[in-house]
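Work through these exercises with the structure in view. Each task is followed by a solution in steps.

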2 protein chains.
Amino acid sequence: MNDAPWMHGLHADTGYLLYRLGQRSGSAFNAALEQHGLRLRHHAILRYLATVDGARQRELADRLGYDPSAIVSLLDDLQQLGLAERRPDPADRRSRLVVLTPAGHDLLHTADHDSRRVTEDLLAPLSPTERATLNDLLQRISTL
Amino acid sequence: MNDAPWMHGLHADTGYLLYRLGQRSGSAFNAALEQHGLRLRHHAILRYLATVDGARQRELADRLGYDPSAIVSLLDDLQQLGLAERRPDPADRRSRLVVLTPAGHDLLHTADHDSRRVTEDLLAPLSPTERATLNDLLQRISTL
DNA sequence: GAACAATCATTGACAAGAACAATGATTGTT
DNA sequence: AACAATCATTGTTCTTGTCAATGATTGTTC
């Protein structure tokens, strides 16, 4: 999705700005991840798996806000790329524990780097102090 | 404060926050506009038409960043709701001038009001000063 | 001015994704 | 033991965006 030059002048509503910038941010991330055969949702899963190793798919769906069926196909992709594995859950035979492979860790590292560069570009017009302020404000309204 | 480990790293990345908040913001707007039978894109068109009366569809597509074919169906909706009209362009018989009807102006006003309420909810955790700061920062990175 | 390319709105086809219900296997509960 | 609930998965439907093709008109070039 391309960016629109209408933002000058009257359309100053913050919510709308957020929406529009979110679009731009998302497509920029997707473009950056494309070279690895991933999209934003894959990356979100990788990132989550990197923090808690061994997550059930239901947990992924809940925490990331995706439909369980979406998790399935995303994991299929990650597994085919050798970035994640589904292991049997010793505690519950109907669920599976998803873990990152070493390759998954590696890719996550480089993908994180790429993502940070995307953010750099996005925030280019802002000074370091302003970036910190923006990050703080956004985090406050993100209500996790 | 002992955050969860996944709060650090990319979850705190500003670009990613923008993306997530954009998602939330967009769906909130769509929910608010649903009662009028509109979505965000319709609203964007109405808003643009309110500033320049008499816009060719191609102009809409370019300025808003939508595909021309998308404009067609969006305008069909607006026209069926009696909010906009397609008039012949005296200067070019293959293009059409799209204008807002009085009903379109009215609905835009109330829809704007609803949108502002959505934004209020979104920015609830912030003080008025902080909201102004956020709006300023967002606007700075939205103007390319 | 005639021939050709370009532009406008529109339509139709198409793939991609999200949302939702249904299923088989397993576990929890009464 | 019987029944409900949960997990991953599949399948289906519906929406969306994207793209190519079309008819009408305009611009351009020789």
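**Exercise 1. Find a polar contact between Arg41(A) and DNA strand C.**

Solution. 
Step 1. Take a polar side-chain atom of Arg41(A); a phosphate oxygen of DNA strand C lies 3.2 Å from it.
Step 2. Turn to Arg39(A). An N or O atom in its side chain is 2.7 Å from a phosphate oxygen of DNA strand C.
Step 3. Now try Arg94(B). Here a polar side-chain atom lies 2.4 Å from a base oxygen of DNA strand C.

A note on the source: this is a predicted model, where local features need pLDDT of at least 70, side-chain atom pairs count only at pLDDT 80 or more, and totals for chains, interfaces and linings use all residues. Residues are numbered from 1 along each chain as its sequence is written, chains are lettered from A and ligands numbered from 1 in the order in which they are written, and side-chain values use heavy atoms, with hydrogens and water left out.

**Exercise 2. Describe the surroundings of DNA strand C.**

Solution. 
Step 1. Count the residues near the strand (a heavy atom within 4 Å of it). There are 17 around DNA strand C, and the closest include Arg39(A) and Arg94(B).
Step 2. Sort them by class. Two are nonpolar (Ala, Val, Leu, Ile, Met, Phe, Trp, Tyr, Cys, Pro), four polar (the others, Gly among them) and eleven charged (Asp, Glu, Lys, Arg).
Step 3. Look at the DNA side.
Step 4. Locate the helices (DSSP runs of H or I, at least four residues, numbered from the N terminus). Helix 4 of chain B gives the most to this surface, with three residues.

**Exercise 3. Which residues are closest to DNA strand D, and what do they contact?**

Solution. 
Step 1. List the closest: Gln57(A), Arg58(A), Arg86(A), Arg94(A) and Ser69(B).
Step 2. Check Gln57(A). A polar side-chain atom lies 2.7 Å from a phosphate oxygen of DNA strand D.
Step 3. Check Arg58(A). Its backbone N or O atom lies 2.6 Å from a phosphate oxygen of DNA strand D.
Step 4. Find the helix with the largest share of the surface near DNA strand D. Helix 4 of chain A supplies three residues.

Definitions and conventions:
A polar contact is a pair of N or O atoms within 3.5 Å; within protein, one must be able to donate a hydrogen and the other to accept it, and residues adjacent in sequence count only if both atoms are side-chain atoms. Helices (H or I, at least four residues) and strands (E, at least two) are DSSP runs, numbered from the N terminus.
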